[in-house]
Amino acid sequence: MSSTSQRCVSARPFRTVVQKGTLNHMLFSRTKATLVEPDQALRGRSTPVLVNPTFHDIFGIPVQKVPEGSEVAYFALGCFWGAEKLFWKTPGVTNTAVGYAGGFTPNPTYSEVCSARTAHTETVKVCYDPAKISYEQLLKIFFEDHDPTQGMRQGNDVGTQYRSAIFTTSPEQRETAQRVRDQFQTEFTRAGYGRIMTEIAPAGEFYYAEDYHQQYLDKNPFGYCPVHATGVTCN
């Protein structure tokens, strides 16, 4: 597998593989969609997989930097290549980076996260100027640009790393995230979707992903990474 042009191999959604009757794919789907127990997680390493500083291809500053006056949000909505582009194009966003959050393994590699043995999600770190865009507006973008009812996948990307998650940095962020989620649940239900399964949890350690993942769709404008928007909105 070429690390600069391909994503982790993923099984198709469970209902599809059942129709095909392929036992190996069924087992693969189940394994990839089951969160690993902490004592079974990979050990990881003590050093980051990304050199500090690594400069942002769009903003021209280190991806590790939080610009003065900015606040930070963390969102996981499937493939982080497309998700990062979605946010770096948003007015009021001052910096972005992709990485891994919500799991147990320190400083994981991409292949380790793909193994479903770290419990991490593919996460976007979003720095934003609250004078230009609010956290609530970022949440609206989050919920409108993926399907938060799918559980451990987005489309044909199956695995714990693709689960929907919001990692909050303050009680205020948590309260806002829960309120906006509930507002969107009404609209998703009206549109015929099931329960929103987005994980909302305090932000723990965010581990920066490898260099080639940072601003991937700027480096590779024709790279594969669909945004799974449902058309559901909430005003």
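Visitor: Which side chain does the side chain of Thr109 make a polar contact with?

Guide: In this predicted model, the partner is the side chain of Ser111, at 3.2 Å. To get your bearings, look for Thr109 in the loop between E2 and H4.

Visitor: Is Thr109 buried or exposed?

Guide: Buried means under 20% relative accessible area. Thr109 comes out at 18%, so it counts as buried. Leaving aside residues up to four places away in sequence, Thr109 touches Arg45, Val49, Tyr100 and Glu210.

Visitor: Now the inside. How should I read a nonpolar core?

Guide: Here's the general idea: in soluble globular proteins, nonpolar side chains tend to be buried together. In this structure the largest nonpolar core has 38 residues, and Phe75, Phe80 and Phe87 are among those with the most contacts inside it. Several elements each supply at least two residues of this core, including strand E1 (71-77), helix H3 (80-88) and helix H6 (171-190). Helix H5 gives the largest share, six residues. There's also a second, separate core of 13 residues, which includes Leu50, Ala97, Cys127 and Phe206.

Visitor: And how do I find empty space?

Guide: Rolling a probe the size of a water molecule over the atoms shows where empty space is left. Searching the whole structure here turns up one cavity of 30 Å³ or more. The largest cavity has a volume of about 80 Å³.

Visitor: What lines the largest cavity?

Guide: Its lining includes Leu77, Cys79, Asp145, Gln154 and His228. H3 brings the largest share of that lining, three residues. Sorted by class, you get six nonpolar, four polar and two charged residues.

Key:
Residues numbered from 1 in each chain as written. Predicted model: local features only at pLDDT ≥ 70, side-chain atom pairs only at ≥ 80, totals over all residues. Heavy atoms only, no water. Core = buried A, V, L, I, M, F, W, Y, C linked by side-chain atoms within 4.5 Å. Buried < 20%, exposed > 50% of the residue type's maximum accessible area, 1.4 Å probe, protein only. Helix = DSSP H or I, 4+ residues; strand = E, 2+ residues; numbered from the N terminus. 1 Å grid on protein atoms, 1.4 Å probe; cavity = no way out; pocket = protein on both sides within 12 Å on 5 of 7 lines; lining within 4 Å. Points joined across faces, edges and corners; volume = space filled by probe spheres on them. Nonpolar A, V, L, I, M, F, W, Y, C, P; charged D, E, K, R; others polar. Polar contact = N/O pair within 3.5 Å; in protein donor to acceptor, adjacent residues only side chain to side chain. Contact = heavy atoms within 4.5 Å.
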